[in-house]
Amino acid sequence: MTWLILAFLSAVFSAVSTIFEKKSLFSLDALNFSYIVSIATLVFSIPFFFAVPQAPSGISLLILFIKTILNAAAFLFVMLSLKNLELSEALPLLAVSPAFVAVLAFLFVGDDLIAKEWIGIFLIVAGTYILELKKQNGSIFDPFKTFLKSPKYIHVLTAVVLFTITALMDRILLKNFKLPPYTFMAYQHLFYAVFFVIVIASTKRNIIVPFKTLNIETFILILLVAGLTIVYRYTQIEAVKLAPVALVLAVKRLSVLIAIIIGGKLFKEANLWRRITATLIILAGISLIANSGAM
């Protein structure tokens with residue numbers, strides 16, 4: 001199976017998972033939901049432990065642990081974003097990390113940006129502008145002010161930064177350390193669960209109580225989210241083994257468009273067509289940057 005098919009499958013399963021996540025968050029807070037999902041994904045990951053060819057080296061396990069903690073924090077911030085924002089507003093903003101990487105590399109590392117990359121950055125900025133454009137905006141700069149100053153976007157921006165870092169760490173583990181996908185999946189979900197158990201315990205919540213608050217519908221949704229999460233993470237890992245992470249993530253971000261179109265209609269979200277247009281512009285910018293090798 002080619003990396004393109006694997007990345008596209010990852011996008012589809014990720015989109016469906018996101019819709020179920022949004023549905024679940026109507027009845028759960030973001031932390032309890034993240035915690036319960038982490039336990040469910042660990043249970044579904046048990047078969048991976050039996051398939052692990054050998055125990056990973058200490059350094060690779062340490063990198064995977066750090067990466068997973070950052071990833072788990074990013075997941076929690078995404079859930080906070082989905083809890084407080086509509087899907088069609090939150091998801092496009094989560095896709096802008098390629099522009100962050102390219103600009104930061106230009107400013108602090110000295111990387112040169114070719115014309116195609118600048119056009120990609122411009123499209124991402126333009127898409128974000130359109131996403132935040134509202135009728136009551138009195139100044140052309142108001143959408144940028146809203147994006148940068150509004151507290152509700154702090155979670156989105158934090159998740160973008162963390163996901164950017166962890167995507168690069170995935171590539172290091174899979175290519176440099178040759179960490180087998182089964183090993184990657186098994187230990188990653190173990191560390192996920194440990195992280196959220198510690199977070200729940202640190203808030204002085206009983207780790208059993210969140211499960212007692214579940215109704216049947218939410219429990220089924222969480223099982224679906226956990227199962228889909230296993231599939232989309234595994235297909236993404238396999239794709240990253242075969243192709244540059246920038247190209248894999250560019251295809252994976254089609255999940256944003258799929259989730260917005262389906263979820264936006266399902267949840268009857270406002271300004272949906274404007275947000276879909278903004279998403280298409282952002283994805284076009286991502287494609288230009290990814291294909292130029294900037295990431």
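Predicted model: local features only at pLDDT ≥ 70, side-chain atom pairs only at ≥ 80, totals over all residues.

Visitor: Okay, and which residues have the most contacts inside the largest nonpolar core?

Guide: Met79 is one of them, together with Phe33, Leu82, Leu91, Phe196 and Ile222, and the core they belong to has 61 residues. There is also a second, separate core of 25 residues, which includes Ala7, Ile63, Leu174 and Ile237.

Visitor: Let me step back. How many helices and strands does the chain have?

Guide: The chain has 15 helices and zero strands. Of its 295 residues, 51% are buried, and its accessible surface comes to about 13,600 Å², with 72% of that belonging to carbon and sulfur atoms.

Visitor: What share of the contacts comes from residues 24 or more positions apart?

Guide: Among contacts with a separation of 6 or more, residues 24 or more positions apart account for 86%.

Visitor: Is Lys22 buried or exposed?

Guide: Lys22 has a relative accessible area of 7%, so it counts as buried. Setting aside neighbours within four places in sequence, Lys22 is in contact with Leu82, Lys83, Leu85, Glu86, Leu87 and Phe267.

Visitor: Glu86 is on that list. Which side chain does Glu86 meet in a salt bridge?

Guide: Glu86 meets the side chain of Arg275, at 2.4 Å from N to O. Arg275 lies in helix 15 (residues 272–292), whereas Glu86 is in the loop between helix 4 (58–84) and helix 5 (87–94), so the pair ties together parts that are 189 residues apart in sequence.

Visitor: What other residue forms a salt bridge with Arg275?

Guide: Glu89 does, with the closest N and O atoms 3.9 Å apart. That pair also links distant parts of the chain, as Glu89 is in helix 5 and Arg275 in helix 15, 186 residues apart. Taken together, Glu86, Glu89 and Arg275 are linked in a network of salt bridges.

Visitor: Which of those three are buried?

Guide: Glu89 and Arg275 are both buried, the relative accessible area of Arg275 being 7%, while Glu86 counts as partly exposed because its relative accessibility is 28%.

Visitor: How many salt bridges does the structure hold?

Guide: The structure holds four salt bridges. Another of them joins the side chains of Lys241 and Glu238, at 3.7 Å from N to O. Both residues lie in helix 12, three residues apart, about one turn of the helix.

Visitor: Switching to the outside, which residues form the nonpolar patch on the surface?

Guide: The patch is formed by Val43, Phe44, Ile46, Phe49, Phe50, Ile216, Phe219, Ile220, Leu223 and Leu224, which together have about 950 Å² of accessible area. The elements giving two or more residues to the patch are helix 2 (30–44), helix 3 (46–51) and helix 12 (216–242), and helix 12 gives the most, with five residues. Ile220 has its place in helix 12 and is partly exposed, with a relative accessible area of 43%.

Visitor: Last one: how far apart are the end C-alpha atoms of helix 9?

Guide: They are 33 Å apart, which agrees with the 33 Å that the 23 residues of helix 9 (residues 154–176) should span at 1.5 Å a residue. Its buried residues include Val156, Leu162, Asp170 and Leu174, and helix 9 is followed by Lys178, whose phi is positive, near 55°.

Key:
Residues numbered from 1 in each chain as written. Heavy atoms only, no water. Patch = residues over 30% accessible without salt bridge, like charges linked within 9 Å, V, L, I, M, F, W, Y side chains within 5 Å. Areas by Shrake-Rupley, 256 points an atom, 1.4 Å probe, with all protein chains shown as cover. Helix = DSSP H or I, 4+ residues; strand = E, 2+ residues; numbered from the N terminus. Buried < 20%, exposed > 50% of the residue type's maximum accessible area, 1.4 Å probe, protein only. Core = buried A, V, L, I, M, F, W, Y, C linked by side-chain atoms within 4.5 Å. Expected span 1.5 Å × (residues − 1). Contact = heavy atoms within 4.5 Å.
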